[in-house]
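The sequence and structure come next.

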Amino acid sequence: MTSNSEIAHHLYELARLATLAEGSSNAFRVRAYETAARSVDGASEPVSEMTEAELTALRGVGKSTASKIRELVETGSIARLEELRAQFPPGFVSLTRVPGVGPKTAVRLRDELGIKDVDDLRAAIERHDLRDLPGMGEKTEDNIRAAIELLGVGGKENRTPIIEAIRVARDVCEAIERVPGVESAEPMGSLRRFRDTIGDIDIIAVSTGDPEAVMRRFVELPIVRDIVGYGARKSAIVGAMGIQIDLRVVEPVQFGSAAVYFTGSKAHNIRLRQMALDRGWTLNEYALSEIGTGRVVASQTEADVYAALGLPWIPPEIREDDGEIEAALAGELPIFASERDLKGDLHVHTDLSGDGHVPLGEMIEALAARGYRYAAITDHGENLTINGAPREQLMSQRKAIARLRPRFPDLTILHGCELNIGRDGSIDYDAEFLAGFDFGVASVHSHFGLSIDEQTARVISAMRNPAVNVIGHLTGRRIGKRPGIDLNLDAVLEVAADTGCAIEINCHLDRLDAPSEVLRRAMEHGGVVFAISTDSHRVSELANTANGIRLARRGWIDRSRVVNTWPRKRFLNWVAKKRSAA
DNA sequence: GCCGTTTTCGGCCCGACTGTTTTCAGTCG
């Protein structure tokens, strides 16, 4: 069976190559392929099993695309795509990844200079061939050369893990906020949408003063390695690690429309602008306004803009044109959890773990200070060679917890353990010892290279273990460093629903695991529940709940399915039920 | 290529900045 994401992938490639054929990524055909790809990607039913008539019922899929999808499912390829691949081989496509080289330029370079890939381009630049083309000049040639040097061949498509981007963005925003007249500077774009990786950092500064003063400060920041653009309203720099940072300066009254505009996604914005046009309005970064008269309909806050378009405010994390507009119109957006809904943290380490840093008493004090009603202390089980704790130490930790409990009458402290899921799905310790714990998180920490069937089997086996209440960081990925394990998700989620074993929403920015795509899929399995847990190894990390809340939003997780928003009694019943299952 | 209470043609989201141009095309987001 061809999966929805495989089909979507083919359609995205079609869009990409059509960009070259059409000469613009804004060409209607290109956008049509992209819309169809998103639609297929977001479909809840297997698209490969749909008839042509059912396919055309999908938004953005018409007769032509429907028949291409059937062709792909039945023959394994799409003739039109093969044609385009022959016309634009991978080496040539890579030319368009160079910053400053778009589809028009790439085609001209090929037709007029015989440039077939980036190596050819480098050589042509050395020979100063580019500057002699009509419409190009010394400066253009120089800019392309510099772009290749600074950003590498991948150029436009290099993405930065969110954990790095968020730090850079914070530093830049703080520096911008020190400029007189600046009321605020905040990251927008994919960072605000909380994607795992960030292409470039978009920042909006709200200023009552001179925008040029803000821009001057921006391009003079110590982080700047190159200035890509410099204008009164918009500037762009390349900073450390090659991250591009775009800054826009707006007036306070424009903040709402600017935030909508620069948060995106592009596809989400296009939907909003279409809705604006339907009402005789136009939406840009400055305002939602009447066509013709220019009368401003809304601009000050995002909520104003959405409300004018007949929508509730839509959280940035789900602005992907992935069904959020339809859900919002129907009043069917999930009720998302907020930080104050969280009544406990269910994955917390102390210095008993080799990688932990905080003594038990201090950690519990910090948990109590957050106002939690319950919490689970979950140091590593002994099978994690370096960081795991032996039985005797866990037994004495249990006694220490018992001694601490009277000091924290409002906090139910569960003695738990982060168990390791072995190659075969077994976990640390024997059943009798495991039964002594109040709570269990089981996670994959090794054997990342097993087959999808082996990975699926071991995770399912752990879920069925009565000592396991939550599967920690389901895929084991480290964003930008290590891909997650391959899993047959539907099989895993079915067992999660069946056993009541929760899927962790790990708050660490390095993990954000389970990933949002997995969470959204899991939401479609009725009965699957989730735990927003910090996996803290330090007191400061307890505040990472903010990340988990955002990841949960990105995964469309309804608050009612998050076990650690439940009142203590209901939560403890859920814990006990799982542990008593045969 | 898609779509339709403007329904089978003629529309389709919006603007800043750059470089090379005398009015705009290309790139980017």
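Helix α2 (residues 28–42) contributes 5 residues to the surface near DNA strand B, the most of any element; helices (H or I, at least four residues) and strands (E, at least two) are DSSP runs numbered from the N terminus. This is a predicted model, in which local features need pLDDT of at least 70 and side-chain atom pairs count only at pLDDT 80 or more, while totals for chains, interfaces and linings use all residues. Residues are numbered from 1 along each chain as written, chains are lettered from A and ligands numbered from 1 in the order written, and side-chain values use heavy atoms, without hydrogens and water.

A residue is near a strand if one of its heavy atoms lies within 4 Å of it. Around DNA strand B there are 49 residues, of which Arg31, Gly100, Thr105, Tyr261 and Arg273 come nearest. By class, this surface has 15 nonpolar, 17 polar and 17 charged residues; Ala, Val, Leu, Ile, Met, Phe, Trp, Tyr, Cys and Pro count as nonpolar, Asp, Glu, Lys and Arg as charged, and the others, Gly among them, as polar. Sugar or phosphate accounts for 75% of the atoms of DNA strand B within 4 Å of the protein, and bases for the rest.

| Residue | Distance to a phosphate oxygen of DNA strand B |
|---|---|
| Thr65 | 2.8 Å |
| Lys68 | 3.4 Å |
| Thr105 | 2.4 Å |

A cavity is a set of points on a 1 Å grid over the protein atoms alone where a 1.4 Å probe fits but cannot get out, and lining residues have an atom within 4 Å of a point. The largest cavity holds about 30 Å³. Helix α13 (255–263) and α14 (266–278) each supply at least two lining residues, and the largest share, 3 residues, comes from α13.

Ser265 lies in the loop between α13 and α14, and the peptide bond joining Gly264 to Ser265 is cis, with omega about -5°. Another cis peptide bond runs from Asp513 to Ala514, with omega near 10°.

His128 is partly exposed at 39% relative accessibility, whereas Asp535 is buried at 7%; buried means under 20% relative accessible area, exposed over 50%, and partly exposed in between (1.4 Å probe, protein chains only).

Methods: 1 Å grid on protein atoms, 1.4 Å probe; cavity = no way out; pocket = protein on both sides within 12 Å on 5 of 7 lines; lining within 4 Å. Points joined across faces, edges and corners; volume = space filled by probe spheres on them. Polar contact = N/O pair within 3.5 Å; in protein donor to acceptor, adjacent residues only side chain to side chain.
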